[in-house]
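Hi everyone, thanks for coming along. Let me put the model up on the screen, and then we can walk through it together.

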Amino acid sequence: MTDQRLKEGVAAGRLSRDTLQDNFCDLHPPLDPHQAQVAADRCFFCHDAPCTTACPTDIDIPLFIRQISTGMPHAAAKTILTQNILGGMCARVCPTETLCEEACVRNESEGDPVQIGLLQRYATDSMMAERPHPFERAAATGKRVAVVGAGPAGLSCAHRLAMYGHDVVIFEGRNKSGGLNEFGIATYKSVGGFAQREVDWLLQIGGISVEHGKRLGEGLSLDGLKQDFDAVFLAIGLGGVNALSADPSAWDGVTNAVDFIGELRQSTDLSSVAIGRDVVVIGGGMTAIDAAVQAKLLGALNVTLVYRRSKARMAASEFEQDLAASKGVVLITSASPVSLSKEAGRMQITFEYSDDDLQPTGERFTLPADQIFSAIGQTLVSNDLPALDGRKIAVDATGRTQTAGVWAGGDCASGGDDLTVTAVAEGRDAAEDIHAQLATS
Amino acid sequence: MTSLETNFLGIKSPNPFWLASAPPTDKEYNVRRAFEAGWGGVVWKTLGSEGPPVVNVNGPRYGAIWGADRRLLGLNNIELITDRDLYVNLEEIKRVKADYPDRALIVSLMVPCDEASWKAILPLVEETGADGIELNFGCPHGMAERGMGSAVGQVPEYIEMVTRWCKEAYSKPVIVKLTPNITDIRHPARAAHAGGADAVSLINTINSIVSVDLDNFAPMPTIDGVGSHGGYCGPAVKPIAMHMVAEIARDAETAGLPISAIGGVTTWRDAAEFIALGAGTVQVCTAAMTYGFKVVQEMITGLSDWMEDQGYETLADFQGRAAVKVRDWKDLNLNFVTKAVIDQDQCIKCGRCYIACEDTSHQAIDMSEDRIFTVKDDECVACNLCVNVCPVEGCITMKRIEPGQIDERTGQVVQAEHGDWTTHPNNPMSSQAAE
Ligand SMILES: Cc1cc2nc3c(=O)[nH]c(=O)nc-3n(C[C@H](O)[C@H](O)[C@H](O)COP(=O)(O)OP(=O)(O)OC[C@H]3O[C@@H](n4cnc5c(N)ncnc54)[C@H](O)[C@@H]3O)c2cc1C
Ligand SMILES: Cc1cc2nc3c(=O)[nH]c(=O)nc-3n(C[C@H](O)[C@H](O)[C@H](O)COP(=O)(O)O)c2cc1C
Ligand code: SF4
Ligand code: SF4
Ligand code: SF4
């Protein structure tokens with residue numbers, strides 16, 4: 001059999017099913033009980049722990065690790081989930097190397113943090129596998145809240161509100177819940193259909209109904225929601241993508257990395273996902289890395305990631321850059337795309353080197369490409385929104401927008417990093433504020 | 001619904017976790033913080049008689065032993081009783097008790113061994129509204145040299161006498177805190193019981209020298225070139241404390257006497273074990289001193305989760321259930337025969353079980369050329385050493401030889417009925433032989 005990886009153009013089945021399965025298994029395999037004990041034993045139970053301060057959801061990390069040490073992973077999970085209801089997903093997708101684990105004092109003493117992410121996963125996995133949903137609804141309040149978007153921000157907000165006894169309706173534009181947990185996160189970070197399992201588990205609290213295929217701005221209006229509900233929480237994420245230049249026709253043939261990733265995540269048979277022999281990814285964030293790594297894992301022969309500024313300026317962490325390099329992705333920095341041409345059905349994309357202020361140097365190079373993925377950032381779409389702050393919905397610290405009765409959080413709202421864990425924190429905090437507000441009205 | 005609520009001698013606390021009389025309970029500031037952190041009760045740092053308070057050393061008063069990763073395993077101290085004025089302490093106790101009526105507040109006392117001294121302090125304590133007193137007959141250093149603490153606790157007659165004085169002059173529960181620095185804990189416990197004690201608490205710290213500085217040839221902690229023996233506590237002392245608690249729980253004379261267990265309680269599990277051995281509450285010192293008051297949160301959540309898993313609604317549902325299973329050696333069933341079994345899938349082939357058995361036990365493990373380790377049933381005496389030295393948890397287990405089967409080591413058929421030393425033919429005093 002000829003090596004399918006050498007086949008020109010865009011083709012499915014470049015690797016055997018077995019290889020694909022190996023390639024897309026857990027990036028960090030879960031800890032077994034003994035490994036968890038050993039890892040937990042390293043925690044010093046710090047006072048006013050720096051790791052907790054670094055966690056956007058303020059999980060009491062020393063307490064949950066101690067609960068693991070004493071053989072009580074379910075108690076540990078409850079400590080985690082009380083602060084972060086998507087603690088299971090966050091354990092898998094958080095860039096811990098720039099959050100809790102970066103702050104761990106073990107870095108100071110021996111350059112090696114406690115494995116907080118993996119311990120969090122150990123606890124939450126045990127709970128979800130072995131225990132019923134750990135939270136109960138308070139008595140019904142009769143108040144109704146609309147949540148728009150069933151991503152991490154929307155789900156987190158809905159759960160907290162339901163816990164307080166409010167009735168929640170989530171309006172979700174897609175036909176599946178989860179947001180980018182389901183459509184964006186790299187496959188090897190969330191294996192085994194975890195995103196849907198987590199959504200189902202979260203909804204066990206009761207009092208939340210999800211209406212799929214309902215979009216704000218298409219049939220649903222903000223005014224209508226305000227009329228029908230006691231409060232509205234907007235968590236629509238960033239549905240659009242930035243364009244490479246003002247003239248889209250010049251880049252005909254370039255696809256959005258998020259669409260590629262979404263298609264990959266929804267595929268039930270990885271050997272049916274087509275990938276180019278030569279793939280170029282433009283961008284320097286998590287999405288660019290995820291697209292490049294997954295292209296490589298699907299069997300692309302050459303994957304080149306090109307970022308316009310220097311390596312140090314990449315939004316992707318050093319860990320992620322190293323991950324890409326270890327999978328065979330070639331990283332080129334300080335170069336911006338200038339033109340695209342097509343010859344005999346193949347694309348040729350030309351880049352020009354530039355310095356960190358994006359001043360071109362005049363030197364150019366050209367890469368052949370069967371596929372080009374653009375990953376230069378997502379943007380907010382929808383017309384029927386409260387006032388913006390720059391390119392996002394303006395909110396205060398509690399998530400209130402400038403429209404009374406409307407809160408927003410997650411990627412669509414101003415402030416905070418665009419991370420799953422930040423979205424969860426903002427959803428939770430908005431729920432607290434909504435709850436406080438509803439109690440007085 | 002699981003409840004950790006505790007009723008010990010009529011003193012109620014929301015959970016069985018009390019702070020032992022020691023630095024964590026030295027003053028109002030600490031005790032308030034402890035209650036805020038969730039502790040069910042405290043035993044206030046031991047008060048002495050009116051007058052100028054004792055003074056502590058001004059150099060290091062603690063020494064310790066650690067695991068390889070600095071986990072503190074044992075702590076040693078040469079601290080005395082409170083070095084703060086009696087009346088300041090009493091004022092603080094009164095204020096704190098008034099503000100925390102739902103928590104247990106016990107006052108620990110140690111005054112000279114004469115009736116006048118005890119009868120002088122008791123009304124003052126009564127006045128604070130505290131829930132009870134604990135007589136510190138345990139402190140093994142410093143105070144003992146002055147005829148107090150363990151110097152009293154080592155003489156059962158003194159214990160009985162002082163306890164009786166206190167019961168006469170004080171209306172609320174009297175707990176007697178015992179020293180482990182004796183040969184048989186049952187004697188001081190019986191004395192406390194005879195004196196009318198409502199409960200005993202144990203253990204106080206164990207006489208110890210925790211380490212020797214080999215540069216200066218002095219015990220540590222070292223004060224100006226020399227040192228003194230101190231009191232040992234922390235995780236390392238728990239096995240000793242558990243034995244003593246069990247001895248009191250199963251002694252015919254003291255059976256039923258309430259026990260507040262102390263010694264190495266660090267996690268919920270330690271507490272559950274003590275309660276299973278009969279304790280009504282547990283007291284904690286070193287764990288709080290190592291990790292801060294917040295450590296109680298793990299104890300509370302862990303104990304209630306475990307109880308919920310087991311279907312226990314209250315502490316009474318499992319209290320004492322292990323105490324009745326602590327027996328004398330002579331009562332152990334010699335017809336209970338087991339053999340070690342090595343799980344080859346889990347074995348990492350380190351050879352530790354082999355060399356332990358070969359060099360120091362019964363030469364009952366076989367090692368093949370390609371490092372396969374197997375137990376020889378005809379040699380294995382089931383000592384459990386291999387289980388304890390194997391680095392892989394659960395890799396070596398003990399399998400019972402069912403009655404009716406042959407024990408290959410003895411060639412005998414294993415008997416179904418209980419047969420212990422009291423009836424064994426090799427025992428010259430066995431009841432059978434006597435017949
Ligand atoms: C490829 C990729 C990889 C990533 N990897 C990581 C990672 O490894 N770790 C990490 O922490 N973060 C990662 N992120 C970021 C993270 O996924 C987001 O920060 C997070 O999902 C934001 O949550 P959200 O709820 O605000 O929005 P989203 O997850 O985007 O959810 C928004 C939801 O709203 C719905 N919606 C949108 N518009 C409407 C409308 N008008 N009406 C109704 N519903 C609507 C959408 O369908 C979607 O379900 C990644 C992002 C991408 C794109
Ligand atoms: C520094 C220190 C001071 C102590 N002081 C007292 C005391 O004043 N009165 C007393 O009854 N016990 C005192 N103890 C003993 C403790 O109350 C407790 O019995 C002992 O430490 C065992 O518990 P642990 O293993 O949880 O530390 C002291 C212990 C320490 C470490
Ligand atoms: S900083 Fe590290 S050692 Fe300290 S509590 Fe957090 S995980 Fe534990
Ligand atoms: S613990 Fe505090 S009081 Fe004790 S030696 Fe250290 S700094 Fe001084
Ligand atoms: S000690 Fe345990 S792991 Fe080591 S050889 Fe024996 S059975 Fe195997």
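Before the first ligand, one term: on a 1 Å grid over the protein atoms alone, a cavity is a set of points where a 1.4 Å probe fits but cannot get out. A molecule sits in a cavity if more than half of its atoms lie within 2 Å of its grid points. With that in hand, the largest cavity here is the space taken by ligand 2.

A quick word on ground rules. This is a predicted model, where local features need pLDDT of at least 70 and side-chain atom pairs count only at pLDDT 80 or more, while totals for chains, interfaces and linings use all residues. Residues are numbered from 1 along each chain as its sequence is written, chains are lettered from A and ligands numbered from 1 in the order in which they are written, and side-chain values use heavy atoms, with hydrogens and water left out.

So, who surrounds ligand 2? There are 22 residues around it, counting those with a heavy atom within 4 Å, and the closest are S21(B), T46(B), K177(B), G264(B) and T286(B). By type, that shell holds nine nonpolar, 10 polar and three charged residues, with Gly counted among the polar ones.

Now the polar contacts, meaning pairs of N or O atoms within 3.5 Å. A backbone N or O atom of S21(B) is 2.8 Å from an oxygen of ligand 2. N136(B) brings a polar side-chain atom to 2.9 Å from a ligand nitrogen, and C285(B) has a polar backbone atom 2.9 Å from a ligand oxygen. On its own, ligand 2 has 610 Å² of accessible area, and the protein covers 99% of that (Shrake-Rupley method, 1.4 Å probe).

Let's move to chain A and ligand 1. The side chain of D411(A) places an N or O atom 2.8 Å from a ligand 1 oxygen.

Last, the domains of chain A, with bounds from an automatic or database assignment: domain 1 (33-130), domain 2 (144-239 + 380-439) and domain 3 (241-377).

How values were computed
Polar contact = N/O pair within 3.5 Å; in protein donor to acceptor, adjacent residues only side chain to side chain. 1 Å grid on protein atoms, 1.4 Å probe; cavity = no way out; pocket = protein on both sides within 12 Å on 5 of 7 lines; lining within 4 Å.
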